[in-house]
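Biologist: Thanks for sitting down with me over this one. Could you take me through the model?

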Amino acid sequence: MESVGTLPPDALSRAVIEIEKHVSSAGWDQPAQLFALVPTEELLRAEPQLAAELGAEDASQPLTPVAQGELPGGLEDDNLAEALGRIEWPEGVAGAALSIERIVLPASVESGLSGVESDAELAQMAGSDPRRHEVRMVAAVLREGARFGAVRLRAHDQDSAVLTGADLVPTLCEVLSLTFEPSAGRPSAAAGSGVDGMSDNEEKRP
């Protein structure tokens, strides 16, 4: 298996931008989506047919995103950390990415809602607040610890307006990194045939 350390410095950021554009091409109001990130050169060597199906015919993109199937517990707010914490990737997976849509409010507004205990009530209030922003966040982490994120606002739905950065979505990256924490007996998210247990669920090269 190719060492993650041999990946170019911009491998993760390029994968995040690719995933964000792909997800955005399908519009808004999408469910959360989880991706395994596999070194493209390794995928080409071990699974050339799968690589062709994924559109990874060459190694110009260092990491190939592979969409995952249904996850244990789902990816809703109230069980996101628990669901991700139960996943353990096979060794052939160099990283993982998560795309998720959320409603965010200015910090001053959120502080005023701190006394609301019900998640359902909080979501309802946030969804009706005129100061809300609908955003799509893509968080990605590598097994060795690198992180990167992207944020697109629905009100500014252009590729040129997408925000990116290593520290842009730290909480989401932290939760996603749970999938690389060692824990015996956890199910593998990428179960099935392929590179070191990589799933053959399809993902595209946009």
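Modeller: Gladly, and let's begin with one alanine. At 1% relative accessibility, Ala56 counts as buried, where buried means under 20% relative accessible area, exposed over 50% and partly exposed in between, with a 1.4 Å probe and protein chains only. Do keep in mind that this is a predicted model, in which local features need pLDDT of at least 70, side-chain atom pairs count only at pLDDT 80 or more, and totals for chains, interfaces and linings use all residues. Residues are numbered from 1 along each chain as its sequence is written, and side-chain values use heavy atoms, with hydrogens and water left out.

Biologist: Where is the place of Ala56 in the chain?

Modeller: Elements here are DSSP runs numbered from the N terminus: helices are H or I with at least four residues, strands are E with at least two. Ala56 itself belongs to the loop between helix H3 (48–53) and strand E2 (63–67).

Biologist: In which order do the elements of the chain run?

Modeller: The chain has seven helices and six strands. Read from the N terminus on, they run α-β-α-α-β-α-β-α-α-β-β-β-α.

Biologist: How many residues of H1 are buried?

Modeller: Helix H1 covers residues 11–24 and reaches 20 Å from its first C-alpha to its last, close to the expected 20 Å, the expected span being 1.5 Å times one less than the number of residues. Ala15, Ile19 and Val23 are among its buried residues. Their cover includes strands E1 (33–39), E2, E3 (95–104), E4 (133–142) and E5 (147–153). H1 is mostly covered, and of its 14 residues the buried ones number eleven.

Biologist: Is Glu101 buried or exposed?

Modeller: Glu101 is found in strand E3. Its relative accessible area is 17%, so Glu101 counts as buried.

Biologist: Which side chain does the side chain of Glu101 join in a polar contact?

Modeller: A polar contact is a pair of N or O atoms within 3.5 Å; within protein, one must be able to donate a hydrogen and the other to accept it, and residues adjacent in sequence count only if both atoms are side-chain atoms. The Glu101 side chain also reaches the backbone nitrogen of Asp29, at 2.9 Å. Its side-chain partner, at 3.2 Å, is Arg136.

Biologist: Over the face of which residue does Arg136 lie?

Modeller: A charge sits over a ring if NZ of Lys or CZ of Arg is within 6 Å of the ring centre and within 35 degrees of the ring normal. Arg136 is 4.2 Å from the ring centre, and the residue under it is Trp28.

Biologist: What is phi of Asp29 near?

Modeller: Asp29 lies in the loop between H1 and E1. At 58% relative accessibility, Asp29 counts as exposed. Its phi is positive, in a residue other than glycine, and is near 60°.

Biologist: Which backbone oxygen does the side chain of Ser177 reach?

Modeller: Ser177 lies in the segment after helix H7 (170–176) and, at 12% relative accessibility, counts as buried. Leaving out residues up to four places away in sequence, Ser177 touches Val141 and Arg147, a contact meaning heavy atoms within 4.5 Å. At 2.5 Å, its side chain reaches the backbone oxygen of Glu174.
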